[in-house]
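Student: Hi, could you walk me through this structure? I'd like to go piece by piece.

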Amino acid sequence: MILVDAHCHLTHLSSTELAIVLNQAAPVKLKTNDDHNQFQSIKIIYILGGTDPQDWILQTELAKQYPFQVIPSFGLHPWWVTQTEQEKSLEQALDQLENQFINQTSLIGEIGLDFIKAQTQKEKDKQIYYFKQQLNLAEKYNKSVCLHIVKAHNEALNIFKNKINLANSKGSSDPTESSALSRSAHAKNNSTLINKSAATLRTPPNRPITGFIHGFNSSIEIANQWIGLNVFLSFGPSICKAQNKKIINLLKKIDTSFLLTETDISKTYDLSNNVLSNNDLSDNMLSDSEISKHKISKHSDISKFSHHTIYDVTQCLAQHTNQSFTDTAQTNLTNLETILKRSLS
Ligand SMILES: [Zn+2]
């Protein structure tokens, strides 16, 4: 059986932890009705989330080392966009993305808008600008996208709808959003020099775009709007928290053919203290009981934690959507294959 971890940051793990996670296939006892008391070997496919050029280099190495398990994605994370002050560094990163990395993946990510990180209008505009530039690259090179959208769904939806309208109106172009003209206007505003030929290259042709939103956390109305635009939704370990009623209710109502599972694992585990060292992970992703359930003992290994985490998310998704574990895993894989436009089994 193949499980899909549609979004994680394995580049943040130490090499020892990585080797343990990726070199072992875990036999798992399936608890669901259809597979009760059956032991199965589970293979996991990990889709990495890209953040910045340094991370892309690490991802490239990892994908070479583990070509059947790890799929890289390259993009400028909205946090990185916000914290990078030099406009020149951001433009160079876009050039690097287009000239060195884009042909090594079918997924651009994680890109998007995070209006908790960006608070002033200037910060928001900056995120929007680099988000649009990367969407343009995705369109131009026929790539899918992994989206990070926090407190900015309406803005992101509008950007997507505009793109789709443009793609539908054959032969049109968008002088205000995606052209070299707009890029040089942006450069003028920011008193920096942007390479005009590179800018022209990034002007997209008219082709609709697809992908998924990682760690989806919004309303059913927003979810349905994304699905209407052919964008998939990925859910993480927070769906295993009983108190997370909003998302659990959403999963009961949603079109299950558009869902994915993820862990978003992003920090190193503190193996020496036998506890998880990442506060984000413990606070946001797993309840106390789940942490004690998966607590890494001196003699157990990290792979158990990792496998059981995506195993648990798949199991929780199956429960909330009233599907079998096997069907849920299969739908996740099919969805991932649709997004990546290739077969993985
Ligand atoms: Zn991420």
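Student: How many bridges join strand 5 to strand 6?

Tutor: Six bridges join strand 5 (residues 107-114) to strand 6, and the two run parallel. Two strands count as paired if DSSP finds at least two bridges between them. Helices (H or I, at least four residues) and strands (E, at least two) are DSSP runs, numbered from the N terminus. This is a predicted model, where local features need pLDDT of at least 70, side-chain atom pairs count only at pLDDT 80 or more, and totals for chains, interfaces and linings use all residues. Residues are numbered from 1 along each chain as its sequence is written.

Student: Thanks! What stands opposite Gly112?

Tutor: His148 in strand 6 stands opposite Gly112. From strand 5 the chain passes through helix 5 (residues 121-140) to strand 6, a right-handed β-α-β crossover. Right-handed means that, with the strands pointing away from the viewer, the path from the first strand over the helix to the second runs clockwise.

Student: Which strand does Cys146 find its bridge partner in?

Tutor: Strand 7, where the partner of Cys146 is Phe212. Three bridges join strand 6 to strand 7 (residues 211-213), and these run parallel.

Student: Why is strand 6 called largely enclosed?

Tutor: Six of the seven residues of strand 6 (residues 144-150) are buried, so the rest of the structure largely encloses it. Buried means 20 or more other C-beta atoms within 10 Å of a residue's own, exposed means 12 or fewer, and partly exposed is in between, with C-beta atoms placed from the backbone. Strand 5 is mostly covered too, with seven of its eight residues buried.

Student: Switching to helix 6, which residues are buried there?

Tutor: His153, Ala156, Phe160 and Lys163 are buried in helix 6. Seen down the helix axis, the buried residues fall within an arc of 95° (taken from the directions from the axis to the C-beta atoms), so they line one face of helix 6. The face turned away from the buried side carries the exposed residues Asn158, Asn165 and Asn168.

Student: And what covers that buried side?

Tutor: The cover includes strand 5, helix 5, strand 6 and helix 9 (220-228).

Student: New topic: which residues touch the most other members of the largest nonpolar core?

Tutor: Phe212 and Leu233, in a core of 73 residues. A nonpolar core is a set of buried Ala, Val, Leu, Ile, Met, Phe, Trp, Tyr and Cys residues joined through C-beta atoms within 7 Å.

Student: Last one, where is Asp264?

Tutor: Asp264 sits in the loop between strand 9 (259-261) and helix 11 (279-285). Asp264 is buried, with 24 other C-beta atoms within 10 Å.

Student: How far apart are Asp264 and His9?

Tutor: Asp264 and His9 are 255 residues apart in sequence and 6.3 Å apart in space, C-alpha to C-alpha.

Terms used
Two residues are in contact if their C-beta atoms, placed from the backbone, lie within 7 Å.
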